[in-house]
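Me: Please walk me through this model by question and answer. Keep it brisk.

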Amino acid sequence: MQSNLFTSSPSVQSSRILYTPSPFARSSLLHLQEVGSLTAIRPHTSKREKLQSYLCFMVEDGEGELVYEGKKYDLKTGDVVFIDCRKAYSHSTDKNLWSLRWCH
């Protein structure tokens, strides 16, 4: 099943497409859960942990940082990240607000 969700908050404008894989895909394969884009409209930080997924995102524009496994990574336009979301992480943008494309 596919669903388009368009969301906004005081910090970001985003859109996403959710995908529900078959039971076989969920139990046996690395599968797509959702894809989306995000544009920051003010500085913000997102923190997550213990999610049963992986996250891949690309910085389309702007700058930010990722904190993952106790290390800080400065990110800029063109950088791509792939992380295990079972582990704690945070990503943030400050002065040069970013736009991201991502998938779980």
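**Contacts, strands and cysteines**

Reply: The side chain of E65 makes a polar contact with the side chain of K72, at 3.3 Å. A polar contact is a pair of N or O atoms within 3.5 Å; within protein, one must be able to donate a hydrogen and the other to accept it, and residues adjacent in sequence count only if both atoms are side-chain atoms. This is a predicted model, where local features need pLDDT of at least 70, side-chain atom pairs count only at pLDDT 80 or more, and totals for chains, interfaces and linings use all residues. Residues are numbered from 1 along each chain as its sequence is written, and side-chain values use heavy atoms, with hydrogens and water left out.

Me: What is the mean pLDDT of the protein?

Reply: pLDDT is the predictor's confidence in each residue, from 0 to 100. Over residues 1-8 it is below 50. Where pLDDT is low, the predicted coordinates should not be read in detail. Across the protein, 91% of residues reach 70 or more, and the mean pLDDT is 88.

Me: In which strand does E65 lie, and is E65 buried or partly exposed?

Reply: Strands (E, at least two residues) are DSSP runs, numbered from the N terminus. E65 lies in strand β6. Buried means under 20% relative accessible area, exposed over 50%, partly exposed in between (1.4 Å probe, protein chains only). E65 has a relative accessible area of 23%, so it is partly exposed.

Me: What separates the C-alpha atoms of E65 and S92?

Reply: Contact means heavy atoms within 4.5 Å. Not counting residues up to four places away in sequence, E65 touches residues including K72, S92 and W98. E65 and S92 are 27 residues apart along the chain, yet their C-alpha atoms are separated by 5.4 Å.

Me: Which strand order does the open sheet of four strands have?

Reply: Two strands pair if DSSP finds at least two bridges between them. β6 (residues 63-68) and β9 (residues 89-93) pair in the antiparallel sense over four bridges, and Y68 stands opposite Y89 in β9. The pairing in this sheet is antiparallel, and the order is β4-β9-β6-β7.

Me: Which are the edge strands of that sheet?

Reply: Strands of a sheet pair through backbone hydrogen bonds, either parallel or antiparallel. An edge strand here pairs on one side only. The two are β4 (44-48) and β7 (71-76).

Me: Which residue in β10 is the bridge partner of V59?

Reply: β3 (residues 34-40) and β10 (residues 99-103) pair in the antiparallel sense over five bridges. In that pairing S37 stands opposite R101. β5 (residues 54-61) and β10 also pair in the antiparallel sense over five bridges. The partner of V59 in β10 is L100.

Me: Which residues is D84 in contact with, leaving aside its neighbours within four places in sequence?

Reply: D84 lies in strand β8 (residues 80-84). Its relative accessibility is 12%, so D84 counts as buried. With those neighbours left aside, D84 is in contact with S53, Y54 and Y68.

Me: How many disulfides does the structure hold?

Reply: A disulfide is a pair of cysteine sulfur atoms within 2.5 Å. C85 is buried at 0% relative accessibility, and its sulfur is 10 Å from the closest cysteine sulfur, in C103, too far for a bond. C103 is partly exposed at 27%, and its sulfur is 4.8 Å from the closest one, in C56, also too far for a bond. The number of disulfides is zero.
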